[in-house]
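Let's read a structure together, one feature at a time.

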Amino acid sequence: MGSNSNTATTLAENKVLILYILNQIDNDIRQDDLFKIITSINNINYFYFKQIVTDLIDSKLVGIHTKEEEQFIRITSEGKNAYILTKDVLPGIMKLKADYIFEKEFASIEEESSVIAEFIPKNENDYTIKCKIVENNETIFEVKTFVGSRERAKRIVDNWNKNAKSIYPEILNLLLKA
């Protein structure tokens, strides 16, 4: 019986931990960004995390929506009530760790999410590249292009990630030239 009740406790703790973090954000967050925060607090694997989030969504404690092909989640008012009723489940040490990591991770996620670049292979020789700048979950700039090799795709993505802050104004100036 020992390990079984332990698993149930861990599941409850992880659910409350997710509600705790979402309650602090009180806004949309990408599931992957939430996973980064949760796993640095309480090392859980991605599939287990997805399962917990799905449970929370099914029980209407967390809302989910898709924006620009990405899934965002946020705590619902039922979720806030459930969190208030269950927050004592969270061990004090985990709460302290959550607060500490949340401040560090969330600051870096806010930074990170402002510059996004990805490439998607269409086939062996064709890659679609998307470069974006996002502020407050709104895409303020996006460019999509195609290249014929993985190397070029990677170069564009790396360059965008490093230099978006200078490339973006240049592109804007080119577009504004009469």
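Q: Is Leu 176 buried or exposed?
A: Buried means under 20% relative accessible area, exposed over 50%, and partly exposed in between, with a 1.4 Å probe and protein chains only. Leu 176 has a relative accessible area of 68%, so this residue is exposed. Before going on: this is a predicted model, where local features need pLDDT of at least 70, side-chain atom pairs count only at pLDDT 80 or more, and totals for chains, interfaces and linings use all residues. Residues are numbered from 1 along each chain as its sequence is written, and side-chain values use heavy atoms, leaving out hydrogens and water.

Q: Where does Leu 176 lie?
A: Helices (H or I, at least four residues) and strands (E, at least two) are DSSP runs, numbered from the N terminus. Leu 176 lies in helix α6, residues 150–176. The protein has 6 helices and 6 strands, in the order α-β-α-α-β-β-α-α-β-β-β-α.

Q: Which residues does Thr 128 touch?
A: Contact means heavy atoms within 4.5 Å. Leaving aside residues up to four places away in sequence, Thr 128 touches Glu 118, Phe 119, Ile 120, Lys 122, Lys 144, Thr 145 and Phe 146. For the protein, 55% of contacts between residues at least 6 apart in sequence join residues at least 24 apart.
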